[in-house]
Amino acid sequence: MYKIAKENLSALFRLIAETRELYLPVRTAGQTNYAAWSEDAEVDIDTLKTVKSAKDAFFPQSEGLYTVKKEGKKISVEPEALKEQDFVVFGMKACDVKGLEVLDKVFLSEPVDTFYAARRDHGTVVAMACHEPEETCFCKVFGVDAANPASDVTVWTVGEDLYWKALTEKGEALTEAVKGLLTSADDAAVEAEKETIHKILENLPYMNLSLEGWNGDALSEKFDSPIWEELYKSCLACGTCTFVCPTCQCYDIKDYSAGDKVSRYRCWDSCMYSDFTMMAHGNNRTSQMQRFRQRFMHKLVYYPANNDGMYSCVGCGRCVEKCPQALNIVKVIKAFQNQGGEK
Amino acid sequence: MQELVNRAKELLADGTVARVLGWKAGDLPYNPEPAYFEKAEELVDFVYNGFCGANLSKYMIEASKLEGKTMVCLKPCDTYSFNQLIKEHRVDRDKAYIVGVGCKGKLDIEKIRKQGIKGIELIQGAELTDEADTLKIQTIYGDKTCAYADAMLERCHVCKGKEHMVYDELIGDSNETKDADRFDEVAKLETMSPEEKFAFFQKELSKCIRCNACRNVCPACSCRKCVFDSTKFDSSQKANVDSFEEKMFHIIRAFHVAGRCTDCGECSRVCPQGIPLHLFNRKFIKDIDELYGEYQAGADITSKAPLTNYTFEDAEPSIVGKRG
């Protein structure tokens, strides 16, 4: 265990950025999101939840795949280069780290997504324990410990200090690179902080949410429930919940034509959008109820069915905070709980 | 609120309406959601308080297609949107039983969070019957207070007034919440150089995540199929490309709603990234006021809209070049 005074964090970031790209929470026009570090970036590690998760660092919202160029009669195909530069993502919370585990199961299983795999290979995650969890958090429900993120390096903020502990080889390598700024420390302060966090978590309103009945075997029972017809009605069909989510992984592949060349790119898709899974067959989900249902069935039924019971919600609560009409996964889970007996 | 519930029950019981469109209590002190109620017993969940900011007018497009009338709760500012939708033949006036509800300014949970208030367990002072001008907020990190006015949505600071533009009956009182001129911010932007303006909007729009919440919530965005949702259009509605796409989307949208936007403020309320989208629309409104005479979209259902009505006094197109 090491520690560094918070006032030395700028020096730490500068040092990391000398050898690696560094992404961390940066405040721009009043909102905190992950962005590349620079000398004049307004770093904000105090805000608990960035608007978007850190998902972009490994799976960007939009990324090029390849470009096809035409010169005379010659057509050439240029694939987009894979990530080759080592980078660090600093400040991810335990829920977002768990989110990476969800993405790994999708993108690192055969056939491996080479773009994602390259970023995972080159990325080092410095996760941060949640100092003051909020009422919208429900990570514990999904087995996440906000006080103990499982990452390459974990840091805890205690008073004016940041405690630092490497947990993997990548983490050790990063620690070695910044050792000059760290001093040795014992565990006492961190253990006390963990206990404090655990106590707060106990008192959060969503932490005892029951997932009873939600599993990979619940398909037909949940899918055919009349409750969806009630739940989806005020949904705006916007993509907010899907785009702030650390685990939503659906994407679309599109072409952009610029005369002499065509760029093929992929961008996050949202099950809330009318063209979701629209392909040549032209037979995708035709109603908003079906699209709304898809989001929750995917997180709580389909994904667990394919991944040994693991859910693809991590309880970060961003959708709880950001849905324009105050719908969210917690309300969906509760609605089934309340009406389950009657229907 | 009880008066509203009682009235809703009566209207359901005597068959005047087939359903009620209002808000359902949430599971946190600040997250009620728009909801339909078809039976009297469902109204036990009905709520109307300071956090019911959502403008329900647009839901009436779909509700107009349903069997029977819908009792819809509209705040004074929401009624401008409803009128505009009537004008554009997007809602059926005969399918709506409009209860104009009182409003004392709506609250923005983001503004409360911005004051560092977190771990919220209970909020007192958000009910319409509460007279206090301070919210008492109980959190797991101790008790906090927040001035009601400091927690209000931006649009309430430039409130259009306590009058409902269209209604069948009125329930509840309203407060004057206006304490700023809606064109102040626009006027400030107008004094900037083109480079400063570009930098300002670039910074704001760089946050856009293409969630389309602004479009989907907007009562003026009622196209059955938005051009950005077309699979045949080269510009995707979901590709997040900072250099061009977001700006094009927001600028096209602003142009498309120009002269029809009532300035209801929903776009800015719903933006997950806090982009002040209303500024685009207000610039158009201010220009229209200056070039064609004052005009408030949704104030009535008969007047001709300045941008679709030709008069000899209209500004010449060359005005664009002259104004820079």
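Modeller: Helices (H or I, at least four residues) and strands (E, at least two) are DSSP runs, numbered from the N terminus. Two strands pair if DSSP finds at least two bridges between them. This is a predicted model, in which local features need pLDDT of at least 70, side-chain atom pairs count only at pLDDT 80 or more, and totals for chains, interfaces and linings use all residues. Residues are numbered from 1 along each chain as its sequence is written, while chains are lettered from A and ligands numbered from 1 in the order in which they are written.

Biologist: Which residue takes a positive phi in the hairpin of β2(A) and β3(A)?

Modeller: That residue is Ala29(A), with a phi near 45°, and the hairpin has 2 residues between the strands. Strand β2 (residues 21–28) and strand β3 of chain A are antiparallel and joined by 6 bridges. Tyr23(A) has Ala36(A) in β3(A) as its bridge partner.

Biologist: Is β3(A) mostly covered or uncovered?

Modeller: A residue is buried if 20 or more other C-beta atoms, placed from the backbone, lie within 10 Å of its own. In strand β3 (residues 31–36) of chain A, 5 of the 6 residues are buried, so by this definition the strand is mostly covered.

Biologist: How should I read a sheet, and what is the strand order in the open sheet of 4 strands in chain A?

Modeller: Strands of a sheet pair through backbone hydrogen bonds, either parallel or antiparallel. Here the order is β5-β4-β12-β11, with antiparallel pairing. Because β5 and β11 (251–257) of chain A each have a single partner strand, they stand at the edges, and one side of each lacks a neighbour in the sheet. From one strand to the next, the twist averages 20°; the axes behind such angles are lines fitted to C-alpha atoms, for helices over the stretch in contact, and angles run from 0 to 180 degrees between N-to-C directions.

Biologist: Which residues does Tyr66(A) face?

Modeller: Tyr66(A) has Arg264(A) in β12(A) as its bridge partner, and Pro79(A) in β5(A) stands opposite Tyr66(A). Strand β4 (residues 62–71) of chain A is linked to strand β12 (residues 261–268) of chain A by 7 bridges in the antiparallel sense. Between β4(A) and strand β5 (residues 74–79) of chain A there are 6 bridges, also antiparallel. Val68(A) and Val77(A) stand opposite each other in that pair.

Biologist: What is the phi of Gly72(A) in the hairpin of β4(A) and β5(A)?

Modeller: Gly72(A) has a positive phi near 60°, and 2 residues lie between the strands of this hairpin.

Terms used
A residue is buried if 20 or more other C-beta atoms lie within 10 Å of its own, exposed if 12 or fewer, and partly exposed in between; C-beta atoms are placed from the backbone.
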